[in-house]
Structure formats: structure tokens, C-alpha cells
Amino acid sequence: MKKLLVLALFIFLIPLNVLGSDTARSSIVMDLNSGRVLYENNADEVRLIASITKIMTCIIALEEGDLDSYVKVDEEILKMYGTSIYLELNEKMKLIDLLYGLMLRSGNDAAVVIAKEIAGGEEEFVKMMNEKAKEIGMTNTTFSNAHGLDEETKNYSTARDMAKLSRYAYKNKTYRKITSTEEYRVKTDSKSYLWYNRMKLLGDYKYCTGGKNGYTPSAGKTLVTTHKKDDLKITIVSLDDNDEYNNHERLAE
């Protein structure tokens, strides 16, 4: 009996990546209530993070902005590329709606419009991002932009730091509502929008309550998710993961 107990303990302590289950270069599973780490794999390796950057952009806007105010789209959108919600010059949209576009569709144009609204420009907004990172204990994180594109400026973090950010953001009721939304409609003075959440684990996996995905060729696929089963709430982060959705489901299980 003693030998069986020792064997069971040994198997339990083997990291999942050793067993071939974890496909990420870096990953972590953290309890949202206590902050206790349930599993980690290279969790402190600094990596490019792509669009999961937008979790920080979102939470700063939620804390600092007037969500019902109308924001005028200016020339900052003209330099944006990649994923977009296709804002038009001089269009007006409520800040709360921009946040849905930011998180559901990963709008890079929405990110720079939000940054200008909150801080007067992206440079000042980035300072706010880095200050918030220090405040919540993200010791290995450097933000250089509000969107996550990394051809000109680069955002670096770790799986552990992004789990800390996810845990912090999850405390915000509006953040939870946004990231748990599968479909969102909005009408501006210019046109109507219908957005479906690009983070496809939401709806596909019954315990998933939200999250944010990201990708650039340099960063690979990145993903932050939250899950709830009975009284257990967790967040999972994976960086540079070529099978991110299946991996998060495996890690959650």
C-alpha cells in the first residue's frame, strides 16, 4: 500500500509537459481566489505576448474612463494594421463599445483610440500600463504599446505576470461581462456593427468564462482564459502555444 501511495504521489508531481500534454513554451494555472499556482511550465520566461496585451488596455480604460462618453476617432487609426473593428475617421463610439471591440475582435484601431481618449496619446497611456503592472506585481513585464503588435515596438511579459493581470482584471465586474460575451451589437453615427468573440474556447468548453487570445509571427499564439467549476475559479495563460485552445481545456481539466 505504501509503495502505491509513493507511486501515486510521484505521478502527481510530474509536470504535465513531461507527460506530453502541455504544448506551450510557457504556461501557468492559477487560482483566481487565492492566487495559488496549481501548475506552471517555464512560467517566468520573458516572451512577446501579442494581443493579450489588450487585457491591460481594457482594465485601465475601465478604471480611468467614462464608459458612457462618446469618443471621436482621429488620425491615430491610420497607422494601424492587423485585426481591426474598421473604425472610420471622425466616427463617434461610446468608450464601453470600443472596449467590446477591443476584447471581442481584438481591434488594434480600438486600442489606439482608447489610449488617446484615456491619456491623450499612446505614449502616456503606455506609462499608465507599466505603472499598473508594477502596482499588481508584474515584475517581468514591459509594455511599449496598447495593442500588442510587435514589428515596431514590443510588449514583453511572462505567463506568471499575465496570470496576475488576469486575476486582477477578473475582479472587475464589467471586465468579466465583456470577456464572457459571445456576440455584441452596436450602432454609431456612421454604421452598425455585429461582433462575435474571436476567443473560441468561450462556448466550446462549458467551464470557460472568458479570456483573450493573441497572435503575431514573432510571439506565436498566446492565450489567457478564465474558468469556473463549482467553487473553483482559475485562470490559465499560455505563451507561444501551437495548440492553445485544446491545451487550455486539458490544463483546466
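Tutor: Helices (H or I, at least four residues) and strands (E, at least two) are DSSP runs, numbered from the N terminus. Contact means heavy atoms within 4.5 Å, and axes are lines fitted to C-alpha atoms, for helices over the stretch in contact, with angles from 0 to 180 degrees between N-to-C directions. The model is a predicted one, in which local features need pLDDT of at least 70, side-chain atom pairs count only at pLDDT 80 or more, and totals for chains, interfaces and linings use all residues. Residues are numbered from 1 along each chain as its sequence is written, and side-chain values use heavy atoms, leaving out hydrogens and water.

The open sheet consists of 5 strands in the order β2-β1-β11-β10-β9, with antiparallel pairing; two strands pair if DSSP finds at least two bridges between them. At the edges stand β2 (37–41) and β9 (208–216), each of which pairs on one side only. On average, neighbouring strands of this sheet are turned by 10° against each other, direction ignored.

Within the sheet, β1 (residues 24–31) and β11 (residues 232–241) run antiparallel and are joined by 7 bridges. One example is V29, whose bridge partner in β11 is I236.

Two helices lie across the strands. Helix α6 (residues 159–170) lies across β1, β2, β9, β10 (220–229) and β11, and runs at about 35° to β1. Helix α9 (residues 244–252) also lies across β1, β2, β9, β10 and β11, running at about 145° to β11.
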